[in-house]
Structure formats: structure tokens, C-alpha cells
Amino acid sequence: MTTPAPPGSAIRPEAGSRGSRVRNLGPNWYASVMGTAIVANAGAALPWHVPGLRTACTLVWALSAVLLAVLLVTRAAHWARHGDQARAHLLDPAMAPFYGCLSMALLAVGGGTMLVGKDWIGVGAAVAVDAVLFTAGTAVGLLVAAAIPFLMATRHELKPGSASPVWILPVVAPMVAAALGPLLVPHLPAGQWQQALLLGCYAMFGLSLLATVFLLPIVFARLLAGPRLPLALTPTLFLVLGPLGQSTTAVNNFADVAPGVLQAPYAEGFRMLAVLYGVPTMGFALLWFALSCAVVRRAWRQGMGFSMTWWALTFPVGTCVTGAEGLARHTGVTACAWIAGGLYVFLVLAWLVAGARTLRGLFAGTLAPAS
């Protein structure tokens, strides 16, 4: 079996042709869509009025929508013309988990349509677009959350100590659906429809959370006991922030819509959950953020070059921004708002660097589509 080059690898001499670029295009490229969309989504919810910020966020959302459309078409061509390589990606334990990024890209752009895209296309069109993207993203996310662990257990050749934060990607996709589903709840008929969507999102919250709970100790054990991650994979440590920040965002979004959907005491229970779960989870997220920054800085000093794994510094951090924003809404604690603001500055800087280096690598021919 021929497998793609591992993330972070250099482009092969023959990879400069257009056909080769399409052949080697991996699902990890959807991370650029996620990282772009979260800049818009997180910026729209900041608890301060910054002149021009909402317009800038809408422009970034539009960019993420264009990127998504381009990648969907290109990946469809990849499957049609290079099915052998696409199947090789599924059987490659280094690449297969990135199929979760397709789901999260669809969901992130759909959520951005509701948050900022409605300013340009109207509420009705935004609801329709988000309904399609949310449905597709959720379906893909649930499929990937089951299929990729199945492949890992039955087809992938995994060696002891090979655990990577990338393994989290398939199971975190349902958590993204859980966090963004509440945006559609108010637009459904009152009663059973709204309750079904809210409780369905809560079920996906549990599905993703429990799967993450099983995976995190394995990832943490490798971080402490080795073998150490290759330099190119070091930025993937930030992926652990994804389920932490997204689950905090989810419980806060549940609390926003529950009072109009569920009767007491369940509506009040969701509001309590937002704080009782969100605060300690955000505390651990901040600890992991500091640890990841320190390890990535050390890897940079040791010669870590640019690869697509740098996009891991965007979307996961963005979920912590939205999680802190939710805590600021429900606790009224100013410190939560400042945490959200500080993390958002980091997010924007990371997005600018990752975006610029990606474009530079593509134009210079030094970044392989599968890297």
C-alpha cells in the first residue's frame, strides 16, 4: 500500500504539477477552513464594541465560505480521479483522523453564516444555508466518529507509543455540532422540534465528551513518557483545546436557548451546567494552552519548520475564545471577558501567520498538499 507523506513532510520534486497536487491533496486542508471561520465566529461574540470588527468578521466568514467551496470541489475531484490515493489516506493512521476536519469545516462555516453572514444575505437565507451545512456536517461528523476509530481498531497498524493529539479529531466533530446546533433552535417550530434538536445536541455533547475522556490519558501519557512527538507534529498539542473549549461553548449555548424550550427545572439545570462545568474545564484549557505554548516554543528553537499542522493553533484556540465569551455572559465576571479577548488576539495572530506561510509555501512550491 502506498501511503501519503506524513504531515510536515517536504514536497517531492515531481509534486509541482497540477495533477500531482490534486492527487496528494489530503483532508487535513479543511483545517484552514476551520481556522478561518473561527476567527469570524469568535470575533462576532466578543463582549466589546470594536469599530469595524463585525465587518471584518463578515469578510473573514466570506473567505472561509469560498475556501470551503474550493476545497469541496477539489476534494471531490480527488476522489473521482485518484480514488486509490483517497483510500490510502483512509488507511493511513497519520491522515485518516483528519476526515473529522471536513465535518468541522462545514459546521464552522454554517455557524458563521448565522452569526455574521446574515448581515449580508438576510436571516432567512442564513437559516437555510446553516440548516444545510449543519445537517451535512453533523451527518459526516457522526459517521467519522464511528468509522475512523473502527479503522484504527481493525485496519491501521498502530504501534505502542504512537498516540497523537490528531486522534482526537474524529471524535470532537460531534462536539462542534453540539455547540452550533443551538443557533438553529429558535428558528424551528416550538415544541417537539426545538426539544429534539436541543436534546440531540446534548447527546452529541456526551458522545464526544466521553470519547475524549478515554483518549486524553493516552495522549498525555505519550507527552510525559514518550516517545516525543516529531517536531512537525508538535503544534497538534493545541488540538486538545478543541474538545475543552468547544464543550464549554456548547453548555453555554445550551443555557442560552433552554429557557424557551424546556420546562423547569431542566432549563435552570442547563444554566447551572454552563457554570459548574464550564469554569473548571476552562481552567484546565488554560493550563493546557500554557503547556502547549511552551512545548511549541521549544520545538521552534530546535528547528521546527512550517507545515499544515500550524493550523492547529487556530480553531482549537478559537473554541476557547467562544467558551470564555459564554462564561462571561452567564457569570458576569469581567476576567472571563478579558481571557476571551487575550485568546482572540493570539488566534488572529496565529491565523495570519498560518495563512501567510501557507500561501507562501504554495506559491514557492515548498508545501505539499498532503503536508
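The model is a predicted one. Its largest nonpolar core holds 101 residues, and a second, separate core has ten residues. Two helix pairs are described below, H6 with H7, whose axes come within 7 Å, and H2 with H11, whose axes lie 8 Å apart.

**Nonpolar cores**

- Within the largest nonpolar core, which has 101 residues, the members that touch the most other members are Met-104, Phe-205, Leu-241, Phe-254 and Tyr-344.
- Helix H5, which spans residues 100-121, gives the most to this core, contributing ten residues.
- Leaving aside residues up to four places away in sequence, Tyr-344 touches Val-39, Ala-42, Gly-43, Leu-46, Leu-53, Cys-57 and Val-321.

**The buried residue Gln-246**

- Gln-246 lies in helix H9, which covers residues 241-257.
- Gln-246 counts as buried because its relative accessibility is 5%, and buried means under 20%.
- When residues up to four places away in sequence are not counted, Gln-246 touches Met-175, Val-176, Ala-179, Leu-241, Phe-315 and Thr-319.

**Helices H6 and H7**

- The axes of helix H6 (residues 123-154) and helix H7 (residues 169-180) cross at roughly 150° and come within 7 Å.
- H6 is therefore roughly antiparallel to H7, since angles over 145 degrees count as such.
- The crossing of these two helices, H6 and H7, is left-handed.
- On the H6 side the contact is made by Phe-134, Thr-138, Gly-141, Leu-142, Val-144, Ala-145 and Ile-148, while H7 brings Pro-170, Val-171, Ala-173, Pro-174, Ala-177 and Leu-180.

**Helices H2 and H11**

- Helix H2 (residues 30-44) packs with helix H11 (residues 315-331) at an angle of about 20°, and their axes are 8 Å apart.
- H2 and H11 are therefore roughly parallel to each other, as angles under 35 degrees count as roughly parallel.
- H2 passes H11 in a crossing that is left-handed.
- From H2, the contact draws on Met-34, Gly-35, Ile-38 and Ala-42, and from H11 on Phe-315, Gly-318, Thr-319, Val-321, Thr-322 and Glu-325.
- The residues of the contact of H2 with H11 divide into five nonpolar, four polar and one charged.

Key: Residues numbered from 1 in each chain as written. Predicted model: local features only at pLDDT ≥ 70, side-chain atom pairs only at ≥ 80, totals over all residues. Heavy atoms only, no water. Core = buried A, V, L, I, M, F, W, Y, C linked by side-chain atoms within 4.5 Å. Buried < 20%, exposed > 50% of the residue type's maximum accessible area, 1.4 Å probe, protein only. Helix = DSSP H or I, 4+ residues; strand = E, 2+ residues; numbered from the N terminus. Contact = heavy atoms within 4.5 Å. Axes fitted to C-alpha atoms, helices over the stretch in contact; angles between N-to-C directions. Parallel < 35°, antiparallel > 145°, perpendicular 65-115°, else oblique. Left-handed = near helix turned anticlockwise from the far one by under 90°. Nonpolar A, V, L, I, M, F, W, Y, C, P; charged D, E, K, R; others polar.
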